[in-house]
Amino acid sequence: YIVLGVCLATPLGVAGGLLHLFNHMIFKNLAFLCAGALMFSTHAHSLHELGGIGRKMPFTLLAFACALFAAAGMPLFNGFASKYVLYYALIDQGEIVLAVIAILTSVVTLAYFLKFMHTAFFGQLSPKAAHAKEPGLFMRLPILALAGLCLLTGLFPGLGQIGRAHV
């Protein structure tokens with residue numbers, strides 16, 4: 001999305017691409033911090049060792065859901081605003097095929113994040129997950145901050161704006 005927007009070389013496309021760069025930084029870091037919390041709490045090295053951990057780690061489950069919804073471009077989350085701008089910029093330039101491909105890419109993103117979420121957080125409780133608990137406060141605070149930013153910049157996408165162009 002970032003490269004797509006910048007390569008479109010229109011003001012709206014570049015703005016959407018740069019906004020998505022900012023948003024991507026937030027939601028992808030959130031997803032990795034949640035994965036790190038899972039690894040820290042379970043000492044698991046494989047996704048298949050984590051089944052059912054959502055009951056033991058509901059905070060991490062909710063935070064990962066924020067990352068999932070933001071990455072997939074769901075409304076109210078930051079990924080929606082930047083992807084919407086990019087879709088609009090593509091359609092405005094007559095690039096309908098690219099817009100459809102970009103939308104389908106969001107669907108694929110939703111699918112692979114849902115696969116991770118289902119395998120790790122739901123289903124039968126695995127032996128590694130049986131003794132897991134939420135990480136300490138110093139690991140939860142950055143996760144909470146990034147999840148909050150996913151929502152805050154989704155509700156107020158202008159907060160991700162670095163500067164204003166005076167035209």
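**Entry 1: rings**

I started with F64, which is buried, at a relative accessible area of 4%. My cut-offs here: buried is under 20% relative accessible area, exposed is over 50%, and partly exposed is in between, with a 1.4 Å probe and protein chains only. This is a predicted model, so I keep local features only at pLDDT of at least 70 and side-chain atom pairs only at pLDDT 80 or more, while totals for chains, interfaces and linings use all residues. Residues are numbered from 1 along each chain as its sequence is written, and side-chain values use heavy atoms, with hydrogens and water left out.

Next I looked up aromatic pairs and got 7 in the structure. For a pair, I need ring centres of Phe, Tyr or Trp (its six-membered ring) within 6.5 Å; planes under 30 degrees apart are stacked, over 60 edge-to-face, the rest tilted. F64 and F121 have ring centres 5.8 Å apart and planes at 35°, so I logged the pair as tilted. F64 sits in helix α3 (residues 58–72) and F121 in helix α5, so this pair ties together parts 57 residues apart in sequence. Helices here are DSSP runs (H or I, at least four residues), numbered from the N terminus. F121 is buried as well, at 2% relative accessibility. Ring pairs join F64, Y112, F113, F116 and F121 into a cluster.

**Entry 2: second largest pocket**

Which residues line the second largest pocket? I get K28, A31, F32, A35, F64, Y112, F113 and F116. Two or more lining residues come from each of α2 (11–42) and α5 (96–121), and α2 gives the most, with 4 residues. The lining divides into 7 nonpolar, no polar and 1 charged; I count Ala, Val, Leu, Ile, Met, Phe, Trp, Tyr, Cys and Pro as nonpolar, Asp, Glu, Lys and Arg as charged, and the others, Gly among them, as polar. The space in this pocket is about 160 Å³. A pocket is an open set of points on a 1 Å grid over the protein atoms alone where a 1.4 Å probe fits, with protein on both sides within 12 Å along at least five of seven lines; lining residues have an atom within 4 Å of a point. The volume is the space filled by probe spheres set on the points, which are joined across faces, edges and corners.

**Entry 3: cysteines**

How many disulfides are there in the whole structure? I found 0, taking a disulfide as two cysteine sulfur atoms within 2.5 Å. The C34 sulfur has its closest cysteine sulfur in C66, 8.5 Å away, too far for a bond. C34 is buried at 0% relative accessible area. C150 is in no disulfide either, with the C66 sulfur, its nearest, 6.4 Å away. C150 is also buried, at 0% relative accessibility.
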